[in-house]
Amino acid sequence: TGLVRRFGFYRTMRIGVFCSIPFACLIPLSLITNKDAPEGTLAFPTFLLLCLIYAIVRTFSSLVFSTLTMTTNQTVSAYHRGAMQGLAMLGGSVVKAFGPTFGGILFSSSVRHFTPWLGSFLVFSIFSLLGIILAMQTLLLHEPEAANTVGGEVEP
């Protein structure tokens with residue numbers, strides 16, 4: 001909440017998005033750093049690269065999701081907040097249920113139709129494109145003046 005108090009909800013969300021998506025785009029570099037390793041193994045430098053990238057991406061994506069939760073809490077009155085959070089949890093659960101399925105279908109079909117390194121690169125390029133679209137959408141968000149304070153109530 002310190003970042004939200006300092007920058008506001010949407011600016012904090014933009015910080016998280018613009019600091020996580022560029023690093024997620026670097027994941028295909030592991031194919032280059034791991035090219036000399038025996039097939040089916042992961043070289044130690046590649047392991048360190050992936051750990052670093054994943055840590056940065058997870059840290060800033062946590063910032064995005066926590067800011068998103070705080071932002072949606074500000075859109076309803078305290079009386080309706082529980083119902084809104086329940087609907088948000090339902091939507092998140094549906095995405096978590098179907099996301100890996102669609103990701104697996106995308107990955108398996110791209111690897112089947114392309115050589116393995118090109119198929120993997122294609123999958124991460126599609127994920128990166130979706131992330132860039134998300135980043136562009138955050139630029140379209142405009143913070144209302146009343147929502148700049150953390151803990152402020154929005155009455156119907």
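Figure 1. The protein exposes about 10,600 Å², of which carbon and sulfur atoms supply 72%; accessible areas come from the Shrake-Rupley method with a 1.4 Å probe, and for residues only the protein chains shown count as cover. This is a predicted model, in which local features need pLDDT of at least 70 and side-chain atom pairs count only at pLDDT 80 or more, while totals for chains, interfaces and linings use all residues. Residues are numbered from 1 along each chain as its sequence is written, and side-chain values use heavy atoms, with hydrogens and water left out. The secondary structure comes to 6 helices and 0 strands, where helices (H or I, at least four residues) and strands (E, at least two) are DSSP runs numbered from the N terminus. Of the 156 residues, 26% count as buried, a word that stands for under 20% relative accessible area, with exposed meaning over 50% and partly exposed in between (1.4 Å probe, protein chains only).

**Figure 2. Confidence along the chain.** The mean pLDDT of the protein is 83, and 90% of its residues reach 70 or more; pLDDT is the predictor's confidence in each residue, from 0 to 100. Among the elements, helix α4 (residues 44-73) has the highest mean pLDDT, 90, whereas helix α6 (residues 116-139) has the lowest, 82.

Figure 3. A nonpolar patch of about 1,000 Å² is made by Leu31, Phe114, Trp117, Leu118, Phe121, Leu122, Ile126, Phe127, Leu129, Leu130 and Ile133. Patches are made of residues with over 30% relative accessible area and no salt bridge, with like charges joined within 9 Å and nonpolar side chains (Val, Leu, Ile, Met, Phe, Trp, Tyr) within 5 Å; a salt bridge is a side-chain nitrogen of Lys or Arg within 4 Å of a carboxyl oxygen of Asp or Glu. Helix α6 gives the most to this patch, with 9 residues. Trp117 is found in helix α6, and Trp117 counts as exposed because its relative accessibility is 57%.

**Figure 4. The largest nonpolar core.** This core has 6 residues, namely Tyr10, Met13, Val17, Ile21, Val64 and Ala135, and its largest share, 4 residues, comes from helix α2 (residues 9-24). A nonpolar core is a set of buried Ala, Val, Leu, Ile, Met, Phe, Trp, Tyr and Cys residues joined through side-chain atoms within 4.5 Å. Not counting residues up to four places away in sequence, Val17 touches Pro22, Val64, Leu134, Ala135 and Thr138, where contact means heavy atoms within 4.5 Å.

Figure 5. Thr12 lies in helix α2 and counts as buried because its relative accessibility is 1%. Leaving aside neighbours within four places in sequence, Thr12 is in contact with Leu3, Val4, Phe7, Leu63 and Thr67. The C-alpha atoms of Thr12 and Thr67 are separated by 7.0 Å, although these residues are 55 residues apart along the chain. Ser20 also lies in helix α2 and is buried, with a relative accessible area of 8%; with neighbours within four places again left aside, Ser20 is in contact with Val57, Phe60 and Ser61.

**Figure 6. Ala43 in a loop.** Ala43 is found in the loop between α3 (29-33) and α4, and, apart from neighbours within four places in sequence, Ala43 is in contact with Asn34 and Ala37. The C-alpha atoms of Ala43 and Ser30, which are 13 residues apart along the chain, are separated by 9.4 Å.
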